[in-house]
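I'm opening my notebook on a new protein today. I'll jot down what I look up as I go.

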Amino acid sequence: MGVIGGSSCKNMGEDSSMSGSTSRSIDETKYGRGEKEDIAIAGNAAVAAKVDKKGKVGLKRQITLLGAVSIIVGSMIGSGIFVSPVGVLRQTESVGMSLVIWVLCGALSTIGALCYAELGTIIPKSGGEFPYLYDTYDPALGFLYAWVSTILMRPSSLSIISLTFAEYFVQPFFAADDCDPPLIVIKMMGCVCVILIVFVNCASVKAATNVQVIFTAAKLIALIIIIIVGFVELGKGNTEYLNPKTSFKGSSSNVFAYGIAFYQGLWAYDGWNQLNFITEELINPFRNLPLGIIIGIPLVTVVYLLTNIAYFAVMSPAEMLSTSAVAVTFANRTLGPVAWIIPVFVCCSTFGAANGTLFTAGRLAYVAGREGHTLEILSMVHTKRITPQPALMFTGVLAIAMLIPNDFDTLVNYFSFSAWIFYGLATLAVIVLRFRHPKWKRPVKVPLVLPIIFVIASVYLVIAPIIDSPEFGYLYASIFIIAGLFLYYPLVLRKYSPKVMGHITTFFQRLLQVAPSYYVAPEDDISLSEQEKQM
């Protein structure tokens, strides 16, 4: 990890270091830890202009508002809405409360995304939570996030989504024999899915965003079909389970069970923070980042709520709890001979979600590498395609490796609670920076009550599952996270790197035709001198 990439690297015969990031250039004066009080985060444009860019490549800003909305919507709508309604209903034990949970999950995701929009416009860097934790608190906390997310959480998410795609894709080929597809076939198809999207993402940013737009449209069509059919049933008077007078009967009285219900619902909303992973590639991020969030997440929330209403117009709670594929059961009961269309659209939905997951996961590995927190080769960009090819391939290889174990998803579940630790800390950064730097210009400024609500919710979502069902898995996950500190000290803080890593980095750099990168600040960023005057 860390500066493991070696002390030097050749790019077309020229010496260059991996210190292309802006924050590397201002480490000595950053956030009160140096001679000046604090260099403004939003003043990175002026600093970036001074970075030695010779022999280095910067990512291009080529993702439009449509692409941004497609990434956030396409990443959020995966297999969750076709499966998660069962988990939410099981925990809440009533139709009414399950619908309330879906709305609250959407509201919580929107609040979190708006807080991230403020962070993304004052720290306009890619990498999701990584730069916010790195810059607001301490590089060690940023490393812990990168350690868990780059090595485990993001690749495992890609692996699980690809496996879901594979299951739906191969199922029709074994339907005639009335048997389940062999596990090896499913896993091989999952590998093909990962390889295909890695190829697309490495080829071109535009190709990846075009794929995202197409598959986002496909999944929205699938949900619109379900909604229309469901509301036709409502028009026929099938409102027995949606009557407000009876829909809340039998609701669970276990407060902590609702934490599990939130996890089930929020799994379907996972991806609400995806735009913050690609901030450096958004055209006019000060406009398109918040606008993409404002358009995308409420759209998904409304679609999810209407889809759940449609489910309950066709199926009873007991019937829903007895199936593992709600959308397929819904289609078999309502669409007759064209019921096959829903599994096809679920394939499209999961493929699009996998594409969005890799697109953003690769940026996390790339930014962490640029800061010296992962392998140096991961911080490099293809000289012609301008894509973070090594980081994308690295994430894809890990995802394929995670397809091999049969019970890997069980292990991942124990790490899910850690995501909300980092979500909460990143959102707390909004409050910290408000008090630490009240005069900074904020293109997006949310009411302070929103990050407070989100931080409280994050604490609840971390604690509730552990109290409701305490297991050693959570302890093992915590030990794994903390173990990252034992790597941080020698590899990042002390900058230890075996000599052989320099040769390995140079080999892969020449093989993949990649070059060191630098941070590209937004064109309309505040100048350093202007920001310093505000301090």
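Here are my entries, from the whole chain down to single residues.

**Entry 1: the whole thing**
First reminder to myself: this is a predicted model. I looked up the overall make-up and found 20 helices and four strands. The protein has 535 residues, and 60% of them count as buried. Then I looked at contacts with a separation of 6 or more, and 84% of them come from residues 24 or more positions apart.

**Entry 2: helix H19**
How far apart are the end C-alpha atoms of H19? I got 21 Å. H19 has 14 residues (499–512), and at 1.5 Å a residue they should span 20 Å, so the two values agree.

Next I asked which residues of H19 are buried. My list reads Met501, Gly502, Thr505, Thr506, Gln509 and Leu512. These cover an arc of only 145° around the axis, which means they sit on the same side of H19. The spacing makes sense to me now: an α-helix has 3.6 residues a turn, so residues three or four places apart point the same way.

On the other side of H19, I noted Lys499, His503, Phe507, Arg510 and Leu511 as exposed.

**Entry 3: Thr307**
I found Thr307 in helix H11, which covers residues 285–314. Is Thr307 buried or exposed? Its relative accessibility is 0%, so it counts as buried. I then looked up what Thr307 is in contact with, leaving aside neighbours within four places in sequence, and wrote down Ile81, Leu223, Ile226 and Ile227.

**Entry 4: Leu144**
Leu144 belongs to helix H7, residues 139–170. With 11% relative accessibility, under the 20% cut-off, Leu144 counts as buried too. Not counting residues up to four places away in sequence, Leu144 touches Phe422, Ile481, Gly484 and Leu485. I also checked Leu144 against Tyr488: they're 344 residues apart along the chain, yet their C-alpha atoms are separated by 8.2 Å.

**Entry 5: a nonpolar patch**
Last stop, the surface. Which residues form the nonpolar patch there? I have Val255, Phe256, Val459, Ile463 and Ile467, with about 410 Å² of accessible area together. I picked out Ile463, which is in helix H17 (residues 449–468). At 40% relative accessibility, Ile463 lands between the 20% and 50% cut-offs, so I logged it as partly exposed.

How values were computed:
Residues numbered from 1 in each chain as written. Predicted model: local features only at pLDDT ≥ 70, side-chain atom pairs only at ≥ 80, totals over all residues. Heavy atoms only, no water. Helix = DSSP H or I, 4+ residues; strand = E, 2+ residues; numbered from the N terminus. Expected span 1.5 Å × (residues − 1). Buried < 20%, exposed > 50% of the residue type's maximum accessible area, 1.4 Å probe, protein only. Arc of directions from axis to C-beta. Contact = heavy atoms within 4.5 Å. Patch = residues over 30% accessible without salt bridge, like charges linked within 9 Å, V, L, I, M, F, W, Y side chains within 5 Å. Areas by Shrake-Rupley, 256 points an atom, 1.4 Å probe, with all protein chains shown as cover. Salt bridge = Lys/Arg side-chain N within 4 Å of Asp/Glu carboxyl O.
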